[in-house]
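Hi,

Here is the structure I promised to pass on.

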Amino acid sequence: MIRKEQEYKLDIREDMRGGSGAIKIQHIWNPQEDLNANNRLFAKMSIDPGNSIGLHKHDNEEEVFVILDGKAEVDDNGEKKILEKGDSILTKGGESHSIKSIGEEPLVLIAVISCY
């Protein structure tokens with residue numbers, strides 16, 4: 001199955017998870033309709049400079065962010081780190097994270113949430 005980027009379903013979320021500003025979410029695959037694996041999200045996200053997804057906890061699921069472009073400050077269970085293109089973060093069940101775009105260009109990432 002092939003899906004072109006212009007076919008991704010677009011979703012804009014404001015102040016996501018207590019963060020600030022708008023988060024552009026392009027749903028690459030719909031987990032309920034397209035995927036056999038137990039996923040909740042498979043998307044490309046774009047976060048303008050200064051905008052963020054607030055600190056939140058994952059239960060019975062894990063989330064991976066892979067940075068495609070831009071610069072991010074992440075909170076990985078209370079530990080702040082800087083991520084750039086090619087870097088990734090894994091947040092397992094019971095753990096918490098947040099992410100903020102801190103570069104001059106939008107932060108672009110792939111986000112996958114797998115449930116168990």
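Let's start with Asp-11, which sits in strand E1 (helices, H or I with at least four residues, and strands, E with at least two, are DSSP runs numbered from the N terminus). Before going further: this is a predicted model, where local features need pLDDT of at least 70, side-chain atom pairs count only at pLDDT 80 or more, and totals for chains, interfaces and linings use all residues. Residues are numbered from 1 along each chain as its sequence is written, and side-chain values use heavy atoms, with hydrogens and water left out.

Back to Asp-11: this residue is buried, with a relative accessible area of 17% (buried means under 20%, exposed over 50%, partly exposed in between, using a 1.4 Å probe and protein chains only). Its side chain has a polar contact of 3.0 Å with the side chain of Arg-13. By that I mean a pair of N or O atoms within 3.5 Å; within protein, one must be able to donate a hydrogen and the other to accept it, and residues adjacent in sequence count only if both atoms are side-chain atoms. Setting aside neighbours within four places in sequence, Asp-11 is in contact (heavy atoms within 4.5 Å) with Ile-23, Lys-24, Ile-25 and His-27.

Next, His-58, in the loop between E4 and E5. His-58 is buried too, with a relative accessible area of 0%. The side chains of His-58 and His-97 make a polar contact of 3.1 Å, though these residues are 39 apart in sequence; C-alpha to C-alpha, they are 8.5 Å apart. Beyond four places in sequence, the contacts of His-58 include Arg-40, Glu-63 and Ile-113.

Ile-113 is the bridge partner of Leu-41, while Ala-111 is that of Phe-65.

Finally, the largest pocket: 27 residues line it, and Arg-13, Ile-25, His-27, Arg-40 and Leu-41 lie nearest its centre. A pocket here is an open set of points on a 1 Å grid over the protein atoms alone where a 1.4 Å probe fits, with protein on both sides within 12 Å along at least five of seven lines; lining residues have an atom within 4 Å of a point. E3 supplies the largest share of the lining, 4 residues.

Cheers

Methods:
Two strands pair if DSSP finds at least two bridges between them.
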